[in-house]
Every structure is written in structure tokens, then in C-alpha cells.
Amino acid sequence: MKSKIEQYTEWMENLANDDSHGYQWGGWGPQDYDCGHAVITALEKSGIPVKSRYGASYTGNLKQALLSCGFKDVTSGVNLTTETGLKRGDILLNEANHVAVYIGNGKIVHARSSEGNTQPGDQSGNEIRIQPYFNYPWDCVLRYPETLDYDDTSDADPVNEKTGLVVDGECGPETWAALCKKMPIVKKGSRNWAATALQAMLNYLGADLDADGDCGPLTVKEIKEFQKGRL
């Protein structure tokens, strides 16, 4: 499972690499963005509520929202001229004018300029781009203190030796099957949480039951319909 840092950093990288997205001052997407709105959107999509909970709306109020979300001001530990001390996912902020994300290997990603283009999208390939690091100058560097490794970009998720399940945070067929083994048997007359869950699943497949946790004749009928392959 990728860290929030990796999620918002990759989102910015993908935005820069997709020329259907360009720069527009005040743009909130979904096609064109300005610098602050691109970073705010990336953070929100990774589950960091800088806008939805803390009201970030542009570079000028982004710092306080980041701090409220748990980011730490690590400016004192970074050399802004040489980039020494920067880590992948660091937010580079000039509160008056600009914001970018440091992506490692001496590079940043940011929505920078319309390049004079008035059409949606990025006709020049440079409106939202990845480029070598430079000191804008940045007022501060904000870092999200996750316990996951900042540099862990591996797509491989660990397999738990006890359960045999891939630990990816997704409930696929194998995880569903394992969960079902923990459920009590539901049959006519059952009245429990498992009956409620079963009714909800049958309704998802096309049945029309009250998910009341009472396995009566109608629920039994729909179980049989599923067993016959009719749902």
C-alpha cells in the first residue's frame, strides 16, 4: 500500500506527464490548474484534508492548513540553495506566489505558467512540468511525517504468512472469502449481523429484501436463487 506521500507525489507527476492538463490561473481542474490548486487537489486525493477540513484555497493559506494536517516545518534542516536535506514529497512553499513538490533526484513538479496559451490543456508541454530543483525562493519546506519509507515506491505489497493474504488494503475475492469464514452460518430463522450483511449483498446482486437481520422465507428464497445462479 502506497503512503500518502507517494500518492500525492505520483498524482502531481502524472499530471505533469499528461499534456491534456495545463495551467490556468485560478483553475481547479479537472483539466487545468494553477500551482496551489494542483497541490491542494493532489493532497486531497491522497486523503490529506487540507481543503475539505482546513479550508486551504490558495498558496497564501496553504501553510497553516498543512500544519493542521500534521505536516512539519523542516525548513531549518534544509539548505534551500543546494537542496541538501530535501526528501521526496516535501512541499516547497513561497506563501505569496508559488508552491511545488520535491520529487527526489534533484527535481520538482509544479504548475508553473500558461506559456501564453489560452486553450485548455498543455500545448507546450511545459505548463505543468517536472524540472530540476531551483530556489524560487522558498519561504518554507513542509514535510508529512509518515512512518512509511519516503523512498518506498515499490508496488509489491507484503503477503501475511498467517492469513496468506496480500496486505494491500483492498477487499478482493480472497479477502472476502477469508472474511466469510469468520461469519456464522445464516439459515432460516437466523437473526444476527451476518443475516444483515447477507441481505445487503443479495440486494446488491438484484434481490429486494429488507436488510433487517431476520432470515425469513423471502431471504431463504433469494439465497436459493443465488445458489441456482439466478442472481
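**View A. Asp-214 and its partner Arg-191.** Asp-214 counts as partly exposed at 30% relative accessibility, where buried means under 20% relative accessible area, exposed over 50% and partly exposed in between, with a 1.4 Å probe and protein chains only. Its side chain meets that of Arg-191 in a salt bridge at 3.5 Å, N to O, a salt bridge being a side-chain nitrogen of Lys or Arg within 4 Å of a carboxyl oxygen of Asp or Glu. The pair links distant parts of the chain, 23 residues apart, with Asp-214 in the loop between helix H5 (193–204) and helix H6 (217–227), and Arg-191 in the loop between helix H4 (173–181) and H5. Arg-191 is exposed, at a relative accessible area of 66%. The model is predicted, so local features need pLDDT of at least 70 and side-chain atom pairs count only at pLDDT 80 or more, while totals for chains, interfaces and linings use all residues. Residues are numbered from 1 along each chain as its sequence is written, and side-chain values use heavy atoms, with hydrogens and water left out.

**View B. Asp-73 and Lys-63.** A salt bridge joins Asp-73 to Lys-63, with 3.5 Å between the closest N and O atoms. Because Asp-73 lies in strand S1 (residues 72–73) and Lys-63 in helix H3 (residues 62–68), the pair ties together parts that are 10 residues apart in sequence; helices (H or I, at least four residues) and strands (E, at least two) are DSSP runs, numbered from the N terminus.

**View C. Glu-225 and Arg-230.** The closest N and O atoms of this salt bridge are 3.4 Å apart. Glu-225 counts as buried at 18% relative accessibility, whereas Arg-230 counts as exposed at 55%.
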